Amino acid sequence: MQWWCAARGSAWTWSWQAYPGVWLFVLAIGLAYWRFFGFGRRLTARHGGAHAEGTPGGRGVPPRGWPGWFLAGLLCLWLGLDWPIGALGAGYLASVHMLQFVLIALVAPPLILLGVPAGRPELRAGSRGLLRLATHPLIALVLFNLVIIFTHLPSVVDSLMASQLGSFLIDMVWLTGGVVFWWPIILDSPARPGFGNPMKIGYLILATIVNTGTFLYLTFSELPIYSTYELAPPVYGISARDDQTMAGLLMKVGTAAVLWTAIGVLFYLWYLEDSNEPSSTSHA
Amino acid sequence: MSGAVRTIARSLSMATATLVSLVACDAGSEAARATEDSTPPSSTDAAAGYRGVVLEPGPRPDFTLSDVDGKAFSFREETESQLALLFFGYTNCPDICPVHMAGIASVLRDLPWEVRDRIRVVFVSTDPERDTPERMREWLSGFDPRFTGLRGDLEAVNRIQAELSLPPAIRGAVPPDGENGGGYEVGHAAQVLVFGAGDLRLAYPFGTRQVDWKHDLPLLVSELQASHRR
(Lines give C-alpha, C1' and ligand atoms only; values in the text may rest on other atoms or scores of the structure.)
Protein backbone atom coordinates (compact mmCIF):
# COMPACT_ATOMS: atom_id res chain seq x y z
CA MET A 1 0.00 0.00 0.00
CA GLN A 2 1.22 3.51 -0.81
CA TRP A 3 0.63 6.36 1.66
CA TRP A 4 0.69 9.02 -1.09
CA CYS A 5 -0.04 8.81 -4.82
CA ALA A 6 3.09 8.26 -6.90
CA ALA A 7 3.96 6.65 -10.24
CA ARG A 8 3.58 2.87 -9.89
CA GLY A 9 4.62 1.57 -13.31
CA SER A 10 1.91 -1.07 -13.33
CA ALA A 11 -1.07 -0.93 -15.69
CA TRP A 12 -3.89 1.38 -14.66
CA THR A 13 -6.85 -0.29 -13.04
CA TRP A 14 -10.07 1.14 -11.69
CA SER A 15 -9.67 -0.98 -8.57
CA TRP A 16 -9.82 1.42 -5.65
CA GLN A 17 -6.57 2.07 -3.80
CA ALA A 18 -6.23 3.47 -0.30
CA TYR A 19 -3.88 6.40 0.34
CA PRO A 20 -3.91 6.86 4.12
CA GLY A 21 -1.40 9.73 3.97
CA VAL A 22 -3.89 11.78 1.96
CA TRP A 23 -6.69 11.10 4.45
CA LEU A 24 -4.51 12.04 7.40
CA PHE A 25 -3.38 15.23 5.70
CA VAL A 26 -6.91 16.31 4.82
CA LEU A 27 -8.12 15.36 8.29
CA ALA A 28 -5.29 17.36 9.90
CA ILE A 29 -6.27 20.49 7.97
CA GLY A 30 -9.91 20.00 8.94
CA LEU A 31 -9.00 19.53 12.60
CA ALA A 32 -6.75 22.60 12.53
CA TYR A 33 -9.63 24.70 11.19
CA TRP A 34 -11.99 23.32 13.82
CA ARG A 35 -9.42 23.98 16.55
CA PHE A 36 -8.79 27.60 15.54
CA PHE A 37 -12.15 28.73 14.24
CA GLY A 38 -14.67 26.03 15.09
CA PHE A 39 -17.72 25.19 13.02
CA GLY A 40 -20.51 25.72 15.54
CA ARG A 41 -23.64 27.39 14.29
CA ARG A 42 -21.81 29.35 11.63
CA LEU A 43 -22.14 26.42 9.22
CA THR A 44 -25.92 26.31 9.29
CA ALA A 45 -26.55 30.04 9.76
CA ARG A 46 -28.81 31.68 7.17
CA HIS A 47 -27.24 34.21 4.84
CA GLY A 48 -30.26 35.96 3.51
CA GLY A 49 -29.30 39.49 4.48
CA ALA A 50 -28.39 41.84 1.72
CA HIS A 51 -24.66 42.34 1.44
CA ALA A 52 -23.74 40.73 4.68
CA GLU A 53 -20.34 41.60 6.02
CA GLY A 54 -17.67 39.99 3.92
CA THR A 55 -20.07 38.75 1.28
CA PRO A 56 -18.06 37.51 -1.68
CA GLY A 57 -20.73 37.81 -4.32
CA GLY A 58 -23.67 39.77 -3.01
CA ARG A 59 -27.17 38.94 -1.83
CA GLY A 60 -27.71 35.50 -0.36
CA VAL A 61 -24.10 34.45 -0.74
CA PRO A 62 -22.52 33.23 2.48
CA PRO A 63 -20.02 35.68 3.96
CA ARG A 64 -16.33 35.17 4.39
CA GLY A 65 -15.63 32.95 7.32
CA TRP A 66 -18.52 30.62 6.55
CA PRO A 67 -17.21 27.11 7.24
CA GLY A 68 -18.92 25.85 4.09
CA TRP A 69 -16.32 27.69 2.01
CA PHE A 70 -13.60 25.92 3.93
CA LEU A 71 -15.27 22.52 3.57
CA ALA A 72 -15.70 23.07 -0.18
CA GLY A 73 -12.00 23.90 -0.43
CA LEU A 74 -11.08 20.87 1.62
CA LEU A 75 -13.23 18.70 -0.65
CA CYS A 76 -11.45 20.04 -3.75
CA LEU A 77 -8.11 19.39 -2.10
CA TRP A 78 -9.09 15.86 -1.18
CA LEU A 79 -10.38 15.18 -4.72
CA GLY A 80 -7.10 16.43 -6.18
CA LEU A 81 -4.94 14.32 -3.89
CA ASP A 82 -6.78 11.02 -3.53
CA TRP A 83 -7.65 8.13 -5.84
CA PRO A 84 -8.50 8.22 -8.72
CA ILE A 85 -7.40 11.75 -9.70
CA GLY A 86 -4.29 11.67 -7.53
CA ALA A 87 -3.22 8.23 -8.75
CA LEU A 88 -3.90 8.94 -12.44
CA GLY A 89 -2.12 12.28 -12.23
CA ALA A 90 0.87 10.91 -10.39
CA GLY A 91 1.84 8.22 -12.84
CA TYR A 92 -0.37 7.90 -15.89
CA LEU A 93 -1.75 11.05 -17.51
CA ALA A 94 -0.17 14.50 -17.68
CA SER A 95 -3.64 15.95 -18.31
CA VAL A 96 -4.90 14.59 -14.98
CA HIS A 97 -1.71 15.85 -13.33
CA MET A 98 -2.73 19.28 -14.61
CA LEU A 99 -6.26 18.82 -13.28
CA GLN A 100 -4.63 18.13 -9.91
CA PHE A 101 -2.71 21.37 -10.23
CA VAL A 102 -5.90 23.32 -10.94
CA LEU A 103 -7.71 21.76 -7.98
CA ILE A 104 -4.86 21.96 -5.48
CA ALA A 105 -3.31 25.32 -6.39
CA LEU A 106 -6.17 27.30 -7.89
CA VAL A 107 -9.52 26.07 -6.60
CA ALA A 108 -8.91 24.76 -3.08
CA PRO A 109 -6.80 27.66 -1.66
CA PRO A 110 -9.27 30.53 -2.28
CA LEU A 111 -12.14 28.46 -0.89
CA ILE A 112 -10.12 27.53 2.18
CA LEU A 113 -9.12 31.16 2.69
CA LEU A 114 -12.74 32.28 2.24
CA GLY A 115 -13.54 30.01 5.16
CA VAL A 116 -11.21 31.97 7.44
CA PRO A 117 -13.35 34.30 9.57
CA ALA A 118 -12.76 38.00 9.04
CA GLY A 119 -11.17 39.96 11.81
CA ARG A 120 -8.43 37.53 12.75
CA PRO A 121 -5.55 39.95 12.97
CA GLU A 122 -2.93 37.23 13.32
CA LEU A 123 -3.85 36.03 9.84
CA ARG A 124 -3.85 39.41 8.18
CA ALA A 125 -1.17 39.93 5.61
CA GLY A 126 1.28 42.45 6.89
CA SER A 127 1.11 41.36 10.49
CA ARG A 128 4.21 39.19 10.47
CA GLY A 129 7.57 39.44 8.76
CA LEU A 130 7.78 36.42 6.47
CA LEU A 131 4.04 36.34 5.88
CA ARG A 132 4.08 40.04 5.11
CA LEU A 133 6.85 39.54 2.56
CA ALA A 134 5.42 36.42 0.91
CA THR A 135 1.91 37.84 0.62
CA HIS A 136 2.96 41.14 -0.86
CA PRO A 137 1.13 41.07 -4.20
CA LEU A 138 4.27 41.45 -6.28
CA ILE A 139 6.13 38.74 -4.36
CA ALA A 140 3.09 36.44 -4.25
CA LEU A 141 2.57 36.71 -8.00
CA VAL A 142 6.23 36.03 -8.75
CA LEU A 143 6.36 33.16 -6.24
CA PHE A 144 3.25 31.54 -7.67
CA ASN A 145 4.55 31.72 -11.20
CA LEU A 146 7.89 30.32 -10.10
CA VAL A 147 5.95 27.46 -8.54
CA ILE A 148 4.06 26.90 -11.81
CA ILE A 149 7.21 26.87 -13.88
CA PHE A 150 9.48 24.87 -11.62
CA THR A 151 6.90 22.22 -10.76
CA HIS A 152 6.31 21.66 -14.46
CA LEU A 153 9.97 21.32 -15.43
CA PRO A 154 10.49 17.85 -16.95
CA SER A 155 13.46 17.10 -14.68
CA VAL A 156 11.44 18.04 -11.59
CA VAL A 157 8.33 16.10 -12.58
CA ASP A 158 10.23 13.00 -13.73
CA SER A 159 12.44 12.83 -10.69
CA LEU A 160 9.82 13.63 -8.06
CA MET A 161 6.73 11.81 -9.32
CA ALA A 162 8.51 8.46 -9.10
CA SER A 163 8.49 8.57 -5.30
CA GLN A 164 5.73 9.17 -2.79
CA LEU A 165 7.81 11.75 -0.97
CA GLY A 166 8.54 13.60 -4.22
CA SER A 167 4.89 13.53 -5.26
CA PHE A 168 3.91 14.77 -1.79
CA LEU A 169 6.44 17.59 -2.13
CA ILE A 170 4.98 18.76 -5.45
CA ASP A 171 1.45 18.71 -4.00
CA MET A 172 2.57 20.72 -0.97
CA VAL A 173 4.39 23.26 -3.11
CA TRP A 174 1.25 23.69 -5.21
CA LEU A 175 -0.94 24.13 -2.15
CA THR A 176 1.43 26.57 -0.47
CA GLY A 177 1.93 28.52 -3.70
CA GLY A 178 -1.84 28.69 -4.18
CA VAL A 179 -2.42 29.96 -0.64
CA VAL A 180 0.28 32.63 -1.05
CA PHE A 181 -1.14 33.65 -4.43
CA TRP A 182 -4.74 34.01 -3.22
CA TRP A 183 -3.89 35.56 0.15
CA PRO A 184 -3.70 39.19 -1.05
CA ILE A 185 -7.03 38.74 -2.86
CA ILE A 186 -9.02 37.12 -0.08
CA LEU A 187 -7.64 38.23 3.27
CA ASP A 188 -7.64 41.72 4.73
CA SER A 189 -4.51 43.71 4.30
CA PRO A 190 -4.48 46.82 6.48
CA ALA A 191 -0.85 47.33 5.58
CA ARG A 192 -1.80 47.67 1.91
CA PRO A 193 -4.92 49.82 1.74
CA GLY A 194 -4.08 50.75 -1.85
CA PHE A 195 -4.52 47.16 -2.99
CA GLY A 196 -8.21 47.51 -3.63
CA ASN A 197 -10.46 45.81 -6.13
CA PRO A 198 -9.02 47.48 -9.27
CA MET A 199 -5.52 46.43 -8.24
CA LYS A 200 -6.71 42.93 -7.43
CA ILE A 201 -8.29 42.69 -10.86
CA GLY A 202 -5.02 43.76 -12.45
CA TYR A 203 -3.16 41.20 -10.33
CA LEU A 204 -5.42 38.38 -11.55
CA ILE A 205 -5.29 39.52 -15.18
CA LEU A 206 -1.50 39.44 -15.01
CA ALA A 207 -1.69 35.96 -13.53
CA THR A 208 -3.73 34.79 -16.54
CA ILE A 209 -1.03 36.06 -18.87
CA VAL A 210 2.16 34.85 -17.29
CA ASN A 211 1.45 31.12 -17.46
CA THR A 212 1.05 31.41 -21.24
CA GLY A 213 4.67 30.38 -21.83
CA THR A 214 4.27 27.09 -19.98
CA PHE A 215 0.93 26.50 -21.69
CA LEU A 216 2.40 27.09 -25.15
CA TYR A 217 5.35 24.86 -24.43
CA LEU A 218 3.18 21.97 -23.22
CA THR A 219 0.56 22.32 -25.92
CA PHE A 220 2.79 22.74 -28.93
CA SER A 221 5.81 20.60 -28.07
CA GLU A 222 6.55 18.23 -30.91
CA LEU A 223 7.51 15.44 -28.54
CA PRO A 224 6.40 14.36 -25.09
CA ILE A 225 8.48 16.22 -22.52
CA TYR A 226 7.78 14.07 -19.46
CA SER A 227 9.18 10.52 -19.46
CA THR A 228 6.86 9.73 -16.53
CA TYR A 229 3.81 10.01 -18.76
CA GLU A 230 5.40 9.04 -22.08
CA LEU A 231 6.53 5.67 -20.72
CA ALA A 232 3.54 5.05 -18.46
CA PRO A 233 1.20 2.18 -19.24
CA PRO A 234 -1.40 3.70 -21.56
CA VAL A 235 -4.85 4.54 -20.27
CA TYR A 236 -7.65 4.01 -22.80
CA GLY A 237 -5.12 4.27 -25.62
CA ILE A 238 -4.59 8.01 -25.12
CA SER A 239 -1.28 8.85 -26.80
CA ALA A 240 1.43 10.65 -24.86
CA ARG A 241 1.30 13.62 -27.22
CA ASP A 242 -2.48 14.00 -27.09
CA ASP A 243 -2.31 13.73 -23.32
CA GLN A 244 0.34 16.45 -23.17
CA THR A 245 -1.67 18.71 -25.47
CA MET A 246 -4.72 18.22 -23.25
CA ALA A 247 -2.56 19.04 -20.23
CA GLY A 248 -1.50 22.34 -21.80
CA LEU A 249 -5.07 23.23 -22.75
CA LEU A 250 -6.32 22.31 -19.31
CA MET A 251 -3.69 24.52 -17.74
CA LYS A 252 -4.86 27.47 -19.81
CA VAL A 253 -8.59 26.84 -19.73
CA GLY A 254 -8.71 25.70 -16.10
CA THR A 255 -6.60 28.60 -14.90
CA ALA A 256 -8.57 31.08 -16.99
CA ALA A 257 -11.92 29.75 -15.74
CA VAL A 258 -10.92 30.14 -12.10
CA LEU A 259 -9.20 33.49 -12.46
CA TRP A 260 -11.87 35.09 -14.64
CA THR A 261 -14.56 33.95 -12.24
CA ALA A 262 -12.65 35.73 -9.46
CA ILE A 263 -12.17 38.77 -11.70
CA GLY A 264 -15.92 38.84 -12.34
CA VAL A 265 -16.65 38.78 -8.61
CA LEU A 266 -14.14 41.57 -7.98
CA PHE A 267 -15.69 43.69 -10.75
CA TYR A 268 -19.06 43.23 -9.13
CA LEU A 269 -17.71 44.27 -5.73
CA TRP A 270 -16.03 47.27 -7.36
CA TYR A 271 -19.34 48.19 -8.97
CA LEU A 272 -21.06 47.96 -5.59
CA GLU A 273 -18.43 50.24 -4.08
CA ASP A 274 -18.95 52.81 -6.81
CA SER A 275 -22.68 52.62 -6.32
CA ASN A 276 -22.10 53.61 -2.70
CA GLU A 277 -23.82 50.52 -1.51
CA PRO A 278 -22.61 49.05 1.76
CA SER A 279 -20.22 46.34 0.82
CA SER A 280 -16.89 44.95 1.82
CA THR A 281 -14.05 46.29 -0.26
CA SER A 282 -11.42 43.94 0.85
CA HIS A 283 -12.91 40.52 0.27
CA ALA A 284 -13.09 38.59 -2.94
CA MET B 1 -2.78 50.99 -14.21
CA SER B 2 -0.60 52.30 -11.48
CA GLY B 3 3.17 52.29 -11.40
CA ALA B 4 3.13 49.32 -9.08
CA VAL B 5 1.18 47.23 -11.56
CA ARG B 6 3.50 48.28 -14.38
CA THR B 7 6.43 47.20 -12.26
CA ILE B 8 4.75 43.86 -11.58
CA ALA B 9 4.05 43.38 -15.28
CA ARG B 10 7.62 44.25 -16.28
CA SER B 11 9.17 41.98 -13.66
CA LEU B 12 6.90 39.11 -14.53
CA SER B 13 7.44 39.35 -18.26
CA MET B 14 11.20 39.22 -17.72
CA ALA B 15 10.93 36.36 -15.23
CA THR B 16 8.60 34.44 -17.51
CA ALA B 17 10.83 34.82 -20.56
CA THR B 18 13.83 33.61 -18.59
CA LEU B 19 12.01 30.71 -17.04
CA VAL B 20 10.31 29.55 -20.22
CA SER B 21 13.71 29.26 -21.85
CA LEU B 22 14.78 27.35 -18.75
CA VAL B 23 11.90 24.91 -19.29
CA ALA B 24 12.96 24.43 -22.89
CA CYS B 25 16.58 23.79 -21.92
CA ASP B 26 15.48 21.50 -19.14
CA ALA B 27 13.30 19.46 -21.48
CA GLY B 28 16.19 18.98 -23.89
CA SER B 29 18.67 17.99 -21.25
CA GLU B 30 16.13 15.73 -19.59
CA ALA B 31 15.47 13.92 -22.82
CA ALA B 32 19.18 13.40 -23.32
CA ARG B 33 19.61 12.23 -19.76
CA ALA B 34 16.65 9.87 -20.02
CA THR B 35 18.24 8.29 -23.04
CA GLU B 36 21.51 7.91 -21.26
CA ASP B 37 19.75 6.29 -18.35
CA SER B 38 17.80 3.84 -20.43
CA THR B 39 20.38 3.03 -23.08
CA PRO B 40 23.84 3.33 -21.66
CA PRO B 41 25.86 3.92 -24.80
CA SER B 42 29.03 2.02 -25.51
CA SER B 43 31.96 3.86 -27.01
CA THR B 44 30.82 2.54 -30.39
CA ASP B 45 27.34 4.02 -29.92
CA ALA B 46 28.75 7.37 -28.97
CA ALA B 47 31.15 7.35 -31.89
CA ALA B 48 28.35 6.44 -34.28
CA GLY B 49 26.02 8.98 -32.70
CA TYR B 50 23.20 6.53 -32.04
CA ARG B 51 20.90 6.69 -29.06
CA GLY B 52 20.36 2.92 -29.30
CA VAL B 53 22.84 0.28 -28.17
CA VAL B 54 25.00 -1.12 -30.96
CA LEU B 55 25.08 -4.93 -30.86
CA GLU B 56 27.53 -7.41 -32.34
CA PRO B 57 27.21 -7.07 -36.13
CA GLY B 58 25.47 -9.89 -37.93
CA PRO B 59 23.21 -10.64 -40.85
CA ARG B 60 19.49 -10.13 -40.60
CA PRO B 61 17.72 -13.14 -39.16
CA ASP B 62 16.33 -15.50 -41.73
CA PHE B 63 12.94 -16.72 -40.64
CA THR B 64 9.50 -17.07 -42.12
CA LEU B 65 6.23 -16.65 -40.26
CA SER B 66 2.63 -15.94 -41.28
CA ASP B 67 1.41 -12.37 -41.57
CA VAL B 68 -2.10 -11.28 -40.53
CA ASP B 69 -3.42 -12.24 -43.99
CA GLY B 70 -2.08 -15.76 -43.58
CA LYS B 71 0.67 -15.25 -46.16
CA ALA B 72 4.24 -16.40 -45.59
CA PHE B 73 6.52 -13.51 -44.68
CA SER B 74 10.27 -14.00 -45.04
CA PHE B 75 11.86 -11.41 -42.78
CA ARG B 76 15.22 -11.22 -44.56
CA GLU B 77 13.75 -11.00 -48.06
CA GLU B 78 10.88 -8.65 -47.26
CA THR B 79 12.99 -6.15 -45.34
CA GLU B 80 16.11 -6.38 -47.48
CA SER B 81 16.19 -2.78 -48.68
CA GLN B 82 14.62 -1.26 -45.59
CA LEU B 83 15.49 -0.29 -42.08
CA ALA B 84 13.81 -3.07 -40.09
CA LEU B 85 12.46 -2.67 -36.57
CA LEU B 86 11.71 -6.06 -35.01
CA PHE B 87 9.81 -6.48 -31.76
CA PHE B 88 8.50 -9.54 -29.95
CA GLY B 89 5.42 -8.91 -27.84
CA TYR B 90 1.70 -9.52 -27.46
CA THR B 91 -1.41 -7.48 -27.97
CA ASN B 92 -2.74 -7.93 -24.42
CA CYS B 93 0.48 -6.50 -23.01
CA PRO B 94 -0.50 -3.76 -20.54
CA ASP B 95 2.63 -1.65 -20.71
CA ILE B 96 5.82 -2.30 -22.71
CA CYS B 97 4.34 -3.29 -26.08
CA PRO B 98 1.81 -0.45 -26.46
CA VAL B 99 4.34 2.13 -25.23
CA HIS B 100 6.98 0.97 -27.76
CA MET B 101 4.49 0.74 -30.64
CA ALA B 102 2.83 4.08 -29.85
CA GLY B 103 6.19 5.85 -29.56
CA ILE B 104 7.49 4.50 -32.86
CA ALA B 105 4.20 5.20 -34.66
CA SER B 106 4.09 8.72 -33.33
CA VAL B 107 7.62 9.48 -34.54
CA LEU B 108 7.03 7.89 -37.95
CA ARG B 109 4.12 10.24 -38.52
CA ASP B 110 6.50 13.17 -38.13
CA LEU B 111 9.17 11.91 -40.51
CA PRO B 112 9.26 12.89 -44.18
CA TRP B 113 7.59 10.26 -46.35
CA GLU B 114 10.85 9.36 -48.11
CA VAL B 115 12.34 8.40 -44.73
CA ARG B 116 9.19 6.77 -43.44
CA ASP B 117 8.91 4.74 -46.61
CA ARG B 118 12.26 3.07 -45.91
CA ILE B 119 11.28 1.87 -42.45
CA ARG B 120 9.53 -1.44 -41.78
CA VAL B 121 8.13 -2.21 -38.35
CA VAL B 122 7.60 -5.93 -37.70
CA PHE B 123 5.75 -7.15 -34.62
CA VAL B 124 6.02 -10.87 -33.81
CA SER B 125 3.45 -12.25 -31.40
CA THR B 126 4.64 -14.15 -28.34
CA ASP B 127 1.04 -15.05 -27.52
CA PRO B 128 -0.27 -16.85 -30.62
CA GLU B 129 -3.15 -18.33 -28.67
CA ARG B 130 -4.88 -14.98 -28.11
CA ASP B 131 -3.26 -12.98 -30.90
CA THR B 132 -5.45 -14.07 -33.78
CA PRO B 133 -4.78 -12.45 -37.18
CA GLU B 134 -7.88 -10.27 -36.72
CA ARG B 135 -6.85 -9.22 -33.25
CA MET B 136 -3.32 -8.38 -34.41
CA ARG B 137 -4.56 -6.44 -37.43
CA GLU B 138 -6.92 -4.39 -35.29
CA TRP B 139 -4.34 -3.76 -32.56
CA LEU B 140 -1.51 -2.78 -34.92
CA SER B 141 -3.80 -0.59 -37.03
CA GLY B 142 -4.51 1.38 -33.88
CA PHE B 143 -0.89 2.51 -34.02
CA ASP B 144 -0.07 2.44 -37.72
CA PRO B 145 -1.78 0.35 -40.43
CA ARG B 146 1.60 -0.16 -42.12
CA PHE B 147 2.98 -2.14 -39.20
CA THR B 148 3.47 -5.81 -40.07
CA GLY B 149 2.16 -8.44 -37.66
CA LEU B 150 3.59 -11.95 -37.72
CA ARG B 151 2.61 -15.07 -35.85
CA GLY B 152 3.70 -18.67 -35.54
CA ASP B 153 3.74 -21.27 -32.83
CA LEU B 154 5.52 -20.20 -29.68
CA GLU B 155 8.31 -22.76 -30.12
CA ALA B 156 9.21 -21.34 -33.52
CA VAL B 157 9.06 -17.79 -32.18
CA ASN B 158 11.31 -18.70 -29.26
CA ARG B 159 13.82 -20.33 -31.62
CA ILE B 160 14.02 -17.07 -33.54
CA GLN B 161 14.49 -15.16 -30.30
CA ALA B 162 17.24 -17.56 -29.22
CA GLU B 163 19.09 -16.94 -32.49
CA LEU B 164 18.90 -13.24 -31.72
CA SER B 165 20.16 -13.80 -28.15
CA LEU B 166 16.79 -12.77 -26.75
CA PRO B 167 15.20 -14.57 -23.80
CA PRO B 168 12.28 -16.87 -24.62
CA ALA B 169 8.72 -15.70 -24.09
CA ILE B 170 7.14 -17.27 -21.02
CA ARG B 171 3.43 -17.47 -20.44
CA GLY B 172 2.44 -16.48 -16.91
CA ALA B 173 -0.12 -18.24 -14.77
CA VAL B 174 -3.78 -17.31 -15.10
CA PRO B 175 -4.51 -15.11 -12.07
CA PRO B 176 -7.47 -15.66 -9.75
CA ASP B 177 -10.83 -14.53 -11.10
CA GLY B 178 -11.26 -10.83 -11.32
CA GLU B 179 -7.58 -9.94 -11.49
CA ASN B 180 -6.22 -8.66 -14.77
CA GLY B 181 -9.58 -9.42 -16.37
CA GLY B 182 -8.93 -13.11 -15.87
CA GLY B 183 -6.18 -12.99 -18.52
CA TYR B 184 -2.58 -14.05 -18.22
CA GLU B 185 0.54 -12.06 -18.94
CA VAL B 186 3.47 -13.13 -21.09
CA GLY B 187 7.06 -12.42 -20.10
CA HIS B 188 9.01 -11.31 -23.15
CA ALA B 189 12.05 -9.35 -24.29
CA ALA B 190 11.52 -5.61 -23.88
CA GLN B 191 13.86 -4.28 -26.54
CA VAL B 192 13.20 -3.37 -30.15
CA LEU B 193 15.90 -4.70 -32.46
CA VAL B 194 16.86 -2.58 -35.42
CA PHE B 195 18.62 -3.90 -38.52
CA GLY B 196 20.31 -1.20 -40.53
CA ALA B 197 22.93 -0.87 -43.24
CA GLY B 198 25.04 -3.97 -43.80
CA ASP B 199 25.32 -6.02 -40.63
CA LEU B 200 24.45 -3.16 -38.28
CA ARG B 201 22.26 -4.23 -35.37
CA LEU B 202 21.02 -2.04 -32.55
CA ALA B 203 18.83 -2.58 -29.51
CA TYR B 204 16.38 -0.05 -28.08
CA PRO B 205 15.33 -1.13 -24.59
CA PHE B 206 12.18 -0.11 -22.80
CA GLY B 207 12.70 3.47 -21.74
CA THR B 208 13.67 4.60 -25.23
CA ARG B 209 11.84 7.83 -25.80
CA GLN B 210 10.33 9.40 -28.89
CA VAL B 211 13.11 11.95 -28.93
CA ASP B 212 15.58 9.05 -29.30
CA TRP B 213 13.67 7.47 -32.17
CA LYS B 214 13.38 10.83 -33.87
CA HIS B 215 17.13 11.21 -33.60
CA ASP B 216 18.16 7.74 -34.76
CA LEU B 217 15.67 6.71 -37.44
CA PRO B 218 16.56 9.37 -40.05
CA LEU B 219 20.25 8.77 -39.35
CA LEU B 220 19.93 5.02 -39.83
CA VAL B 221 17.85 5.45 -42.99
CA SER B 222 20.39 7.83 -44.51
CA GLU B 223 23.18 5.33 -43.77
CA LEU B 224 21.13 2.57 -45.35
CA GLN B 225 20.55 4.65 -48.48
CA ALA B 226 24.25 5.52 -48.67
CA SER B 227 25.21 1.85 -48.40
CA HIS B 228 22.83 0.97 -51.24
CA ARG B 229 24.34 3.67 -53.45
CA ARG B 230 27.85 2.28 -52.94
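Student: Which residue stands opposite Leu85(B) in strand 5 of chain B?

Tutor: Val121(B) in strand 5 stands opposite Leu85(B). This is a predicted model, in which local features need pLDDT of at least 70 and side-chain atom pairs count only at pLDDT 80 or more, whereas totals for chains, interfaces and linings use all residues. Residues are numbered from 1 along each chain as its sequence is written, and chains are lettered from A and ligands numbered from 1 in the order in which they are written.

Student: What makes strand 4 and strand 5 of chain B a pair?

Tutor: Strands (E, at least two residues) and helices (H or I, at least four residues) are DSSP runs, numbered from the N terminus. Two strands pair if DSSP finds at least two bridges between them. Seven bridges join strand 4 (residues 83-89) to strand 5 (residues 119-125), and the two run parallel.

Student: Why is strand 4 of chain B called mostly covered?

Tutor: A residue is buried if 20 or more other C-beta atoms, placed from the backbone, lie within 10 Å of its own, exposed if 12 or fewer, and partly exposed in between. In strand 4, seven of its seven residues are buried. Leu83(B), Leu85(B), Phe87(B) and Gly89(B) point one way, Ala84(B), Leu86(B) and Phe88(B) the other way. In a regular strand the side chains alternate between the two faces of the sheet.

Student: Which residues is Leu85(B) in contact with, leaving aside its neighbours within four places in sequence?

Tutor: Contact requires C-beta atoms, placed from the backbone, within 7 Å of each other. For Leu85(B) the partners are Ile104(B), Ile119(B), Arg120(B), Val121(B), Val122(B), Val192(B) and Val194(B).

Student: What makes up the largest nonpolar core?

Tutor: A nonpolar core is a set of buried Ala, Val, Leu, Ile, Met, Phe, Trp, Tyr and Cys residues joined through C-beta atoms within 7 Å. The largest has 138 residues, and those with the most contacts inside it are Val102(A), Ile104(A), Leu113(A), Leu85(B), Val122(B) and Val194(B). Helix 4 (residues 94-114) of chain A gives the most to this core, with 16 residues. In soluble globular proteins, nonpolar side chains tend to be buried together.

Student: Why is Pro110(A) called buried, and where does Pro110(A) lie?

Tutor: Pro110(A) has 24 other C-beta atoms within 10 Å, so the residue passes the cut-off and counts as buried. Pro110(A) lies in helix 4 of chain A.

Student: Is Arg132(A) buried or partly exposed?

Tutor: Arg132(A), in helix 5 (residues 129-134) of chain A, has 16 C-beta neighbours inside 10 Å and therefore counts as partly exposed. From Arg132(A) to Asp158(A), 26 residues along the chain, the C-alpha separation is 34 Å.

Student: How do you know that helix 9 of chain A is largely enclosed by the rest of the structure?

Tutor: Of its 14 residues, 10 are buried, so the helix is largely enclosed. Among them are Met199(A), Ile201(A), Tyr203(A) and Leu206(A). The expected span of a helix is 1.5 Å times one less than its number of residues. Helix 9 (residues 197-210) reaches 20 Å from its first C-alpha to its last, close to the 20 Å expected.

Student: What makes strand 1 and strand 3 of chain B edge strands?

Tutor: The open sheet has eight strands in the order 1-10-9-4-5-6-2-3, with mixed pairing. Strand 1 and strand 3 (72-74) each pair on one side only. Helix 4 (residues 96-110) of chain B packs on this sheet, touching strand 4, strand 5 and strand 9; its direction makes about 160 degrees with that of strand 4. Here axes are lines fitted to C-alpha atoms, for helices over the stretch in contact, and angles run from 0 to 180 degrees between N-to-C directions.

Student: What do strand 9 and strand 10 of chain B form?

Tutor: They form a hairpin with five residues between them, and Gly198(B) in the turn has a positive phi of about 60 degrees. The two strands pair in the antiparallel sense over four bridges, with Val192(B) opposite Tyr204(B) and Leu193(B) opposite Ala203(B).

How values were computed:
Contact = placed C-beta atoms within 7 Å.
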